[in-house]
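I opened the notebook to record what I looked up in this structure. The entries follow in the sequence I made them.

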Amino acid sequence: MLYENKDIKLLEFVDNPINNIDYLIVRKSSASLQAKVLYRFPSLRKFIRERDARIIFEDLYGSYLKDAKKFIVNLKPVASNFHNQSDLEKIMGEFTEFFRIGLLFDQNCEIADFDEDLAITYIRANLLTKLEYHCNRVTESFDLTEDYFYSIASNEKLWVSFFLSEVYLLLSNNIFQLSFKGDEIIFKLNKKFEGRMKVYWISEILESNSKISDMKAYHDISILLDKNRTVPKEVAEVSIDYILDKVFSINPKYLTEGVSVNQRYHFLREIIFFSLVLECCLLVGKKPKDRQFFVESDNIRNESLLLIEQQLSSAFNARMDNNGGFIYKVSDSFYMRGTLGFKYGLRKFAGALLDVKQKQLRGRDFKGELGDFFEKDYVLNYLKELNYLGYTPFDGFKSGNKAEIRGYDIDIVLHDGKNDIYYFIQVKYRFSALPVYLSEQFKFFNDESFKKGYIEQLLTLKGNINQQSIRNQLSSRGLNGAKAENSHFILLHNIPFLNFYEHDGVYFYEWNLLRNILQDGKVYWRKGNEFGDSFTSRELELHKPEKIINSYLNNSVNGRGLKKQFDLFKISKCVFDLGDKNVQCQML
């Protein structure tokens, strides 16, 4: 993905195209006379130049948005449950009346080569993903509750308007190319982007598989909870540790005493337990959970429960853009999970609650303290345990105020002894931030504090690694072997969407993935009640993401299935109407 867009107005338009339609009006320009003539004859539209085609599309899309705005008032809450199979089928029935996903086979591809059952399962899974994703976007944009999902899924113009806003973002960044063919509008990948498509897809699919694995783990706990009406202390502790690791990128095994005894850390564990119980209730039928369950539990203190309660909205007032979208009150005595995804919702929920706790206790901000700990100690201590694999971590260094070269700041240097490669790593930790939507991801990548990590702190060192004062720095730390030709630069973070990404010679990796890559591409698997791990390759190098991706596809325990899914992804097209035009769009 190309996240380097800095047009804030465009990103605001993508956030809510209905309310920000003026963006298209302001930039409206006129197509050439030749294009206007060609457009009058459907058979000649394929000859319209891309610039003119984009102008014509903007005009069509703008008119469509004006019509869509009228349908906002038609949205009504309908009692339906997205997690109930019967309700889901009803919602999907409405949705697939106007939006479909198809597979476009070229002349060199045999349809018989594809597994029909796999293709059907794949298409349905992606339809569900698209449906929920853009319904969530609409509810957040207009402050609606989950009861509006059915109404949104039935509102073709509104749903398509939001879907097209992300297509328009990709078009504006030259990731998509636009053309007309008769009454069809065709969006296809720019050939320059085709090489990055696999990188984007594998990053997304690994995160999706991780979520599925998490859901299976939570489902096991939900069965135990439903059967015994309690969560044993030892099971709760292990589950909280698991969520700390998967959601907040913190393995309690590596905590310092200063963090582990912090009152706010124990409150965070209680927030996780509270949220986990309600997630488990959701997984077994979305039953509300009574307050008395938590009062009688050994895993949460009454004072913590009271603080959590004070921050919850009622079901009527719950909104998707605040804590109510994750967990809300059904009454004074019951709580229920909302529609926000567990990882995204928990990070927002916990962040807001810790802010409240911070005001009570004062002192240093715990989220900032946890971030500093992660960036300076946690990752380094974890990497030290991988020395049996040939990796040696070194403390980082930075330029002084009077340094000849200023601005570089390295948290960790990792030496790959097998290949004599040095990785200079800058670590960025975010507690609550978890960009879900495409526009959010663009904004996050261009956030000044995040950009500082790879533009100033890493690229300054990369461009001056042979400068004498920096050579002296390296030599004094036992890093004299690091030369321009065997040194590479990593931005390590805890944001799932940014993996295998390369920008100006800096490689981006999320921590949970990077640590598995360093352990010979470790892959966790589960089949029924059996589970374990396997390894993809002993020859993985962080500065060769394409080779890492191929190792996952070719050698991992589920590599064959991933390859089949990627083959389907490449030929997947989204099909819908824009007024009297049929739209065919490459799926991303």
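**Cysteines**

I began with cysteine 585, which is buried at 1% relative accessibility; I take buried as under 20% relative accessible area, exposed as over 50% and partly exposed as in between, with a 1.4 Å probe and protein chains only. The model is predicted, so I required pLDDT of at least 70 for local features and 80 or more for side-chain atom pairs, while totals for chains, interfaces and linings use all residues. Residues are numbered from 1 along each chain as its sequence is written, and side-chain values use heavy atoms, with hydrogens and water left out.

I then looked for disulfides (a pair of cysteine sulfur atoms within 2.5 Å) and found zero. The sulfur of cysteine 574 has its closest cysteine sulfur in cysteine 585, at 5.7 Å, which is too far for a bond. Cysteine 585 is likewise in no disulfide, its nearest cysteine sulfur being that of cysteine 574. Cysteine 574 is also buried, with a relative accessible area of 1%.

**Salt bridges**

I counted a salt bridge where a side-chain nitrogen of Lys or Arg is within 4 Å of a carboxyl oxygen of Asp or Glu. The structure holds 25 of them.

What does the pair of aspartate 183 and arginine 45 tie together? Their side chains meet at 2.9 Å, N to O. Aspartate 183 is in the loop between strand E2 (176-181) and strand E3 (184-189), and arginine 45 is in the loop between helix H3 (33-39) and helix H4 (50-70), so the bridge ties parts that are 138 residues apart in sequence. For these labels, helices (H or I, at least four residues) and strands (E, at least two) are DSSP runs, numbered from the N terminus. Aspartate 183 is partly exposed at 42% relative accessibility, whereas arginine 45 is buried at 7%.

The second pair is glutamate 237 and lysine 233, at 3.7 Å, N to O. Both residues lie in helix H10 (residues 233-248), four residues apart, about one turn of the helix. Glutamate 237 is partly exposed, with a relative accessible area of 29%, and lysine 233 is partly exposed, at 39%.

I found glutamate 309 buried at 10% relative accessible area and arginine 291 partly exposed at 23%. I also noted a network: salt bridges that share partners join Lys233, Glu237, Asp241 and Arg269.

**An open sheet**

I traced six strands in an open sheet with mixed pairing, in the order E7-E8-E9-E10-E12-E11. Two strands pair if DSSP finds at least two bridges between them. Strand E7 (391-398) and strand E11 (501-503) are at the edges with a single partner strand each, so one side of each has no neighbour in the sheet. From one strand to the next the twist averages 30 degrees.

Within the sheet I checked strand E8 (residues 409-416) and strand E9 (residues 421-428), which pair in the antiparallel sense over five bridges. Aspartate 416 stands opposite isoleucine 421 in E9.

Helix H20 (residues 511-518) lies across E7, E8, strand E10 (487-493) and strand E12 (506-510), and runs at about 100 degrees to E12. Axes here are lines fitted to C-alpha atoms, for helices over the stretch in contact (heavy atoms within 4.5 Å), and angles run from 0 to 180 degrees between N-to-C directions.

**Positive phi**

Most residues other than glycine have a negative phi. I noted phenylalanine 500, which has a positive phi of about 60 degrees although it is not a glycine. Phenylalanine 500 is in the loop between E10 and E11 and is buried, with a relative accessible area of 2%. I noted aspartate 520 for its positive phi of about 60 degrees as well. Aspartate 520 is in the loop between H20 and strand E13 (522-527), and it is buried at 8% relative accessibility.

**Whole chain**

Last, I took the totals: the protein chain has 22 helices and 16 strands. Of its 588 residues, 55% count as buried.
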